[in-house]
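Here is a brief report on packing and backbone geometry. Please have the sequence and the structure open while reading.

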Amino acid sequence: MIRVCAVGEIPEGEAVRVESGPDGVPVAVFNVGGSYYAIDDTCSHQDASLAEGYVEEEDCAVECPLHATCFDLRTGQPGGPPARVPVRTHTVVIENGDVHVALSQATAQVA
Amino acid sequence: MTTEQTAGTMHVVAVVGTGLAGLSSARALRELGFTGRIVLIGDEKHDPYDRPPLSKAFLAGEWDPAKIALGLPTDAGLDLDWRLGERAVGLRPEGAGWVVELEHGEGVPADGVVIATGARARKLPGQVLAGVHTLRTLDDALALKAELVPGARLVIVGGGFIGAEIASTAVTLGIDTTVVEMAPALLAGPLGDAAGAAMARIHEAHGVKVLTGVGVSGLTGESGRVAGVSLADGQSLLADVVVVGIGSVPNTEWLAGTGLTGPEGDLAGGVLTEEDGRTALPGVVATGDCTATHHPFAGRVTRQEHWTHAAQHPAQAVAVLIGAPAPVVAPAMRVPYVWSEQYGKHFQFAGHHQPGDEAELVDGDLDDLTDPAFTVVYRREGEPVGVFGVGRPKVFGRWRRELAKRLS
């Protein structure tokens with residue numbers, strides 16, 4: 001499990017990028033209406049940081065800043081082209097006032 | 001055409017065009033449950049590939065052909081009948097269906113036809129000299145790339161998106177690069193004068209020479225190879241390589257005599273369709289760059305030559321063809337969307353801009369050339385109709401959703 005930041009350090013509708021998971025894959029952690037979600041930060045289509053994307057709070061999704069595919073933050077599924085492959089989702093654990101991520105054991109999709 | 005007429009009789013669908021729109025049509029047919037035969041006909045010999053990188057990472061030599069392949073491992077399960085390197089030259093009715101006529105005389109019979117033949121690069125009249133290029137296909141990109149050697153003098157005719165992207169790539173490769181644009185600003189057509197002027201300053205800061213408000217009167221050559229570009233104001237520019245980026249022409253000539261028409265009668269403006277891809281002919285739909293349809297932001301019939309359109313719209317068109325319910329697309333995703341990459345920055349545009357629209361800077365600074373980041377919103381009669389953003393995807397995303405309200 002990796003520590004991301006203190007609760008409250010990610011404003012609502014924003015995200016932070018965690019640079020170093022054990023497998024070297026960056027992870028993005030989102031705050032949507034006080035709930036936290038973690039997905040792989042790199043779009044499954046091309047090299048773009050999803051943490052920089054617009055968060056659609058109503059749909060619990062993030063829009064890739066490059067080609068505008070929306071990914072569901074709960075499932076990692078893309079809502080439309082160009083991405084066709086889901087990004088991994090990770091488990092967020094809130095402990096002692098800190099946000100932690102337990103990384104998925106699935107193999108990451110590389111853009 | 002009605003669902004009742006087609007649902008039970010559709011055994012073979014011919015998809016004409018093997019670019020993004022053609023491949024997306026074939027995938028969508030299977031996703032919507034079509035189990036019949038799908039024949040994909042395309043004049044290029046290459047497997048489907050992605051065109052946007054051709055002016056960027058591919059031209060820069062950072063990506064190879066494998067990296068721009070559109071195919072996915074899952075496509076193998078689609079059971080497609082590929083006819084690559086075969087140009088369609090005609091379409092005629094036969095019985096209750098159609099025959100797609102190929103260049104070498106063969107005919108492909110089909111119950112349904114998807115027209116996805118795209119567009120080709122517009123050329124200058126009499127464009128025959130060696131060293132003069134257009135950029136639309138993989139072969140075009142390979143030919144241009146081979147000539148972009150350091151020290152070469154490149155003149156780009158046309159300062160639209162393709163010209164601007166090639167300028168960004170070329171100057172980064174150490175090429176002496178000049179862009180000539182007839183309009184008062186670079187990218188003035190899609191972005192308006194103020195944002196276009198800001199784009200020109202970004203290019204100039206990277207070493208591109210930008211000449212605006214001047215047309216090209218001709219090309220000069222020596223021994224069959226281009227040597228220069230003559231401008232309408234009497235200047236002449238020395239050039240070892242010229243790229244002509246002055247728009248595209250829809251590939252619709254093969255449909256002459258079918259009864260299909262374009263927005264102004266003839267097919268030169270694209271195949272006229274309903275918003276869902278339906279054409280004037282039963283069992284024939286059209287999608288992608290070769291089509292002209294009502295544009296909700298332009299308020300008129302026009303072509304929508306966008307990657308996102310060619311990826312998204314085919315599912316709507318083939319649903320009509322086979323009588324399946326069309327997949328739902330969220331309003332924000334229906335706002336026409338274009339992206340570009342220049343100097344490592346992301347440029348995003350959504351909606352539509354036309355002369356007379358009021359441009360308002362809503363975020364950032366048009367004059368920061370080292371780290372450009374700004375958002376411009378276009379209004380018509382006070383209502384937002386377009387947004388252009390540089391390096392500000394979150395602000396852009398919010399405005400794209402604001403524009404989507406116009407659709408609901």
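Is B:Asp79 buried or exposed? The model is a predicted one. B:Asp79 counts as exposed, because it has 11 C-beta neighbours inside 10 Å and the cut-off for exposed is 12 or fewer.

Most residues other than glycine have a negative phi, and most peptide bonds are trans. Some residues here depart from that pattern. B:Asp79 is not a glycine, but has a positive phi of about 55°. B:Ser223 is not a glycine either, and its phi is positive at about 50°. B:Ser223 is exposed too, with 7 C-beta neighbours inside 10 Å.

| Residue | Phi | Loop |
|---|---|---|
| B:Asp79 | about 55° | between β2 (37-42) and β3 (80-84) of chain B |
| B:Ser223 | about 50° | between β13 (216-222) and β14 (225-231) of chain B |

Chain A has a cis peptide bond between A:Pro81 and A:Pro82, with omega about 5°. A:Pro82 sits in the loop between β7 (70-72) and β8 (89-95) of chain A.

In soluble globular proteins, nonpolar side chains tend to be buried together. The largest nonpolar core here holds 95 residues, and A:Val29 and B:Val242 have the most contacts inside it. Helix α4 (residues 161-172) of chain B contributes the most to this core, with seven residues. A second, separate core has 45 residues, including B:Ala88 and B:Cys290. Beyond its neighbours within four places in sequence, A:Val29 contacts residues including A:Val4, A:Ile10, A:Tyr36 and A:Val101.

**Helices**

Helix α8 (residues 393-404) of chain B has twelve residues. At 1.5 Å a residue it should span 16 Å, and its end C-alpha atoms are 16 Å apart, so the two agree. Its buried residues include B:Phe396, B:Trp399 and B:Leu403. The buried residues of α8(B) pack against strands of both chains: β5 (54-56) and β6 (61-63) of chain A, plus β23 (345-351), β24 (358-365), β25 (373-380) and β26 (383-390) of chain B.

Now the helix pair. The axes of α2 (residues 20-31) and α7 (residues 307-322) of chain B come within 8 Å and cross at roughly 40°. The angle therefore makes α2(B) oblique to α7(B). The crossing is right-handed. Among the contact residues are B:Leu20 and B:Ala28 of α2(B), with B:Trp307 and B:Ile322 of α7(B).

**An exposed proline**

B:Pro184 lies in the loop between β11 (176-181) and α5 (188-191) of chain B. B:Pro184 is exposed, with 11 other C-beta atoms within 10 Å. Leaving out residues up to four places away in sequence, B:Pro184 touches B:Asp193, B:Thr212 and B:Gly213.

Methods: Residues are numbered from 1 along each chain as its sequence is written. Chains are lettered from A and ligands numbered from 1 in the order in which they are written. This is a predicted model: local features need pLDDT of at least 70, side-chain atom pairs count only at pLDDT 80 or more; totals for chains, interfaces and linings use all residues. Helices (H or I, at least four residues) and strands (E, at least two) are DSSP runs, numbered from the N terminus. The expected span of a helix is 1.5 Å times one less than its number of residues. A residue is buried if 20 or more other C-beta atoms lie within 10 Å of its own, exposed if 12 or fewer, and partly exposed in between; C-beta atoms are placed from the backbone. Two residues are in contact if their C-beta atoms, placed from the backbone, lie within 7 Å. A nonpolar core is a set of buried Ala, Val, Leu, Ile, Met, Phe, Trp, Tyr and Cys residues joined through C-beta atoms within 7 Å. Axes are lines fitted to C-alpha atoms, for helices over the stretch in contact, and angles run from 0 to 180 degrees between N-to-C directions. Angles under 35 degrees count as roughly parallel, over 145 as roughly antiparallel, 65 to 115 as roughly perpendicular and the rest as oblique. A crossing is left-handed if the near helix is turned anticlockwise from the far one by less than a right angle, and right-handed if clockwise.
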